[in-house]
Amino acid sequence: MKRECSIVRDLLPLYFENMLSEDTAAFVKEHLENCSDCAAEFECFKSGKQIDKAETPQRRNDANVIRAVKKKIAKKIFKMVAAVCLVFIVLFSAIMFYTSISYSVTKDNISLSTKADGGYTYIILETEAGKSLSFDSKTEDILNEQNEVCGQRITLYNLQYHNNFSQNANSTSWGIPLSDKKQYMEMIVELGNDTLQITTAE
Ligand SMILES: [Zn+2]
């Protein structure tokens with residue numbers, strides 16, 4: 001390779017970018033017209049540069065497409081999560097609402113019974129399936145004629161039903177040992193205008 005060729009090849013990138021002074025550019029141009037080797041080299045360089053230039057917008061375009069797809073996926077995921085959350089909130093509110101509805105209790109809704117079992121005597125209060133019963137209660141001693149405690153009186157009041165999802169009838173029981181001298185038990189259930197009453201002596 002001639003010395004001039006070597007210099008021209010070093011200058012080719014600058015020549016391509018039009019960054020040479022007028023004189024140097026003229027020198028390179030003249031050399032390329034007379035040297036087929038360097039001219040071929042310049043063609044090669046030019047086509048390589050053009051591919052680079054052509055590729056860059058393509059790549060940028062690809063990156064944009066990927067970014068757009070990612071955005072779309074993120075949006076979809078966000079929408080799905082939001083939808084699932086909404087469904088849960090609606091369900092939760094519906095359950096809260098359903099179970100917060102309260103009903104007044106009538107004597108047809110509950111039943112009282114007694115049972116002796118395993119050394120205990122019980123009063124059992126049974127309620128409907130699908131309902132939970134809430135009430136307040138107070139317990140008092142019952143005195144005999146000698147003013148001795150002979151038993152207990154349990155009074156239930158403020159009875160209210162709430163919905164729940166249980167399929168079985170609920171029962172609540174109060175027990176007292178048969179050996180206890182105060183084994184007599186009496187239950188009074190106050191229901192608005194009605195009063196239910198049961199004793200273990202019956
Ligand atoms: Zn040359």
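**Exercise 1. Find how many bridges join strand β4 to strand β5, and in which sense the two strands run.**

Solution. Start with the residues: β4 covers residues 131-143 and β5 covers residues 149-163. Next, count the links: 12 bridges join these strands, which run antiparallel. Here a strand is a DSSP run of E with at least two residues, numbered from the N terminus, and two strands pair if DSSP finds at least two bridges between them. For one example, take L143, whose bridge partner in β5 is V149. Finally, look at the hairpin itself: five residues sit between the strands, and N147 takes a positive phi near 65°.

A word on the model before we go on. This is a predicted model, where local features need pLDDT of at least 70, side-chain atom pairs count only at pLDDT 80 or more, and totals for chains, interfaces and linings use all residues. Residues are numbered from 1 along each chain as its sequence is written.

**Exercise 2. Work out the strand order of the open sheet of three strands.**

Solution. Strands of a sheet pair through backbone hydrogen bonds, either parallel or antiparallel. In this sheet the order is β2-β3-β6, with antiparallel pairing. The edge strands, β2 (110-117) and β6 (170-177), each pair on one side only. Now zoom in: β2 pairs with β3 (residues 120-127) over eight bridges, in the antiparallel sense. Within that pairing, Y122 of β3 is the bridge partner of K115.

Key: Helices (H or I, at least four residues) and strands (E, at least two) are DSSP runs, numbered from the N terminus.
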